[in-house]
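Open the model in your viewer and get ready to pick out a few side chains. Could you take me on a tour, stop by stop, telling me what to select and what is there?

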Amino acid sequence: MRDEDRLEILKKDLQMLTSSNDEYLEILLKQSKAAITREGIDLEIGIEGDMAVIQYAAYLFRKRSGQDTSMPRYLRLQLNNLKISQKGKGKMK
C-alpha cells in the first residue's frame, strides 16, 4: 500500500475531512512503522501490516487528547498475533 493510501485510511479512521493535519498524521504513520518494526515485526506482509501501522497511528493521535494513554487491547493483541505468526513461519530470528 502506498503512503498516500495509508494517510487516507487513517484520516477516515479519525473521521477527518480536511487535510489540515496531514503533515502531523504522516509523521505519526512513520513513527508507528518504526515502533512496530522495533518490536521485530515485518511489515512487508500486506494488508495486515498496513492496517497495524494505521491503527497504531490512530492510537497515537487519540492518546494525546485523552486521559487513558495505554495501548488499546485490540491493538496489542494484533501486534502480538503478527509477531507470533511470523515466528511460526520462520520469518523472525
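Select Asp3 first: in this predicted model, Asp3 is exposed, with a relative accessible area of 54%. Asp3 and Arg6 form a salt bridge, and their closest N and O atoms are 2.5 Å apart. Colour helix H1, residues 3-13, and you will find both partners in it, three residues apart, or about one turn of the helix.

Stay with Arg6 for a moment. Is Arg6 buried or exposed? Arg6 has a relative accessible area of 11%, and it counts as buried because that value is under the 20% cut-off.

Next, select Asp50, whose side chain meets that of Arg6 in another salt bridge, at 3.1 Å from N to O. Asp50 sits in helix H3 (residues 47-63) while Arg6 belongs to helix H1, so this pair ties together parts that are 44 residues apart in sequence. Both of these residues, Asp50 and Arg6, are buried.

For the next stop, go to Arg2 and Asp5. Their side chains meet in a salt bridge of 3.2 Å, N to O. Arg2 is exposed, at 52% relative accessibility, whereas Asp5 is partly exposed, at 29%.

Finally, zoom out to the whole structure. How many salt bridges does a search of it find? The search finds eight, so you can look for others on your own.

Technical notes. Residues are numbered from 1 along each chain as its sequence is written. This is a predicted model: local features need pLDDT of at least 70, side-chain atom pairs count only at pLDDT 80 or more; totals for chains, interfaces and linings use all residues. Side-chain values use heavy atoms; hydrogens and water are left out. A salt bridge is a side-chain nitrogen of Lys or Arg within 4 Å of a carboxyl oxygen of Asp or Glu. Buried means under 20% relative accessible area, exposed over 50%, partly exposed in between (1.4 Å probe, protein chains only). Helices (H or I, at least four residues) and strands (E, at least two) are DSSP runs, numbered from the N terminus.
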